[in-house]
Amino acid sequence: MQIGYARVSKQHEQDTAAQLRALKDGGAERVFTEHASGGRWDRPELHKMLDQLREGDVVIVWKLDRLSRSLKDLLHLMELLGDRGVGFRSLTEAIDTTTPAGRMMMQMVGAFAEFERAMIRERTRAGLEQARLEGRVGGRKRKLLPHQEQDIRESVGSGRRTAAQCARLFGVHPSTITRLLRR
């Protein structure tokens with residue numbers, strides 16, 4: 001079965017008529033229509049469509065960005081469709097994963113996305129290293145100063161105070177004291 005998916009961002013300002021016409025002309029036997037942002041994952045009609053897909057079905061969209069605005073989400077959806085044995089067609093971009101050329105095109109898109117993720121990781125690593133060289137350290141600020149930690153260890157270790165008393169005294173959660181004592 002060929003199943004269409006049409007989406008517009010705003011219900012009152014945009015219309016799905018052009019998409020619906022193109023999907024019907026493209027062979028869609030059933031169409032799921034959504035009025036929601038493409039950047040959101042919680043789209044009820046999208047999930048309803050995904051739940052009803054069977055092996056051999058083909059999902060048709062007018063444009064790739066109608067399915068998702070996020071490349072990461074788009075690739076996730078493509079992987080999901082592929083795992084279920086479902087084909088994909090985008091009418092505007094002429095991508096059709098039911099053909100060898102269409103599968104190659106999606107693999108190239110996936111390769112570019114993987115390359116971009118690797119570049120982001122590399123830039124992030126370089127930025128963190130530069131920050132370390134400049135004396136900046138990532139993560140949350142420590143709740144307790146080193147001399148406070150030492151005082152807590154001594155107080156609890158000697159039995160002068162309980163962990164709960166130290167937590168109240170220093171204004172931290174008891175689990176902070178427990179983690180400190182475990183280290």
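A search of the whole structure, which is a predicted model, turns up 0 aromatic pairs. What does turn up around a ring is a charge: Lys 63 lies over the face of Trp 62, 5.9 Å from the ring centre.

Charge pairing gives a longer story. Side chains of opposite charge can pair when their charged atoms come close. The count here comes to 7 salt bridges, and a few of them are worth a look one by one.

Start with Asp 65 and Arg 66, which form a salt bridge with their closest N and O atoms 3.1 Å apart. Is the arginine of this pair buried or exposed? Arg 66 has a relative accessible area of 8%, so it counts as buried.

Next comes Glu 149, in a salt bridge with Arg 142 and with 2.7 Å between the closest N and O atoms. Glu 149 is buried, at a relative accessible area of 11%, whereas Arg 142 counts as exposed, at 55%.

Then there is the bridge between Arg 160 and Asp 151, where the closest N and O atoms are 3.8 Å apart. This pair still qualifies because the cut-off is 4 Å. Arg 160 counts as exposed, with 56% relative accessibility, and Asp 151 is partly exposed, its relative accessible area being 26%. Elsewhere, salt bridges with shared partners tie Arg 142, Glu 149 and Arg 183 into one network.

Arg 89 goes the other way. This residue belongs to strand β4, which covers residues 87-90. Arg 89 is buried, yet no salt bridge goes with it. Which side chain of opposite charge is nearest to Arg 89? That is Asp 96, and the gap is 4.2 Å.

What the side chain of Arg 89 does reach is a backbone oxygen, that of Gly 26, at 3.1 Å.

Key. Residues are numbered from 1 along each chain as its sequence is written. This is a predicted model: local features need pLDDT of at least 70, side-chain atom pairs count only at pLDDT 80 or more; totals for chains, interfaces and linings use all residues. Side-chain values use heavy atoms; hydrogens and water are left out. Helices (H or I, at least four residues) and strands (E, at least two) are DSSP runs, numbered from the N terminus. Buried means under 20% relative accessible area, exposed over 50%, partly exposed in between (1.4 Å probe, protein chains only). Lys and Arg count as positive and Asp and Glu as negative; His and the chain ends are not counted. A polar contact is a pair of N or O atoms within 3.5 Å; within protein, one must be able to donate a hydrogen and the other to accept it, and residues adjacent in sequence count only if both atoms are side-chain atoms. Rings of Phe, Tyr and Trp (its six-membered ring) pair if their centres lie within 6.5 Å; planes under 30 degrees apart count as stacked, over 60 as edge-to-face and the rest as tilted. A charge sits over a ring if NZ of Lys or CZ of Arg is within 6 Å of the ring centre and within 35 degrees of the ring normal.
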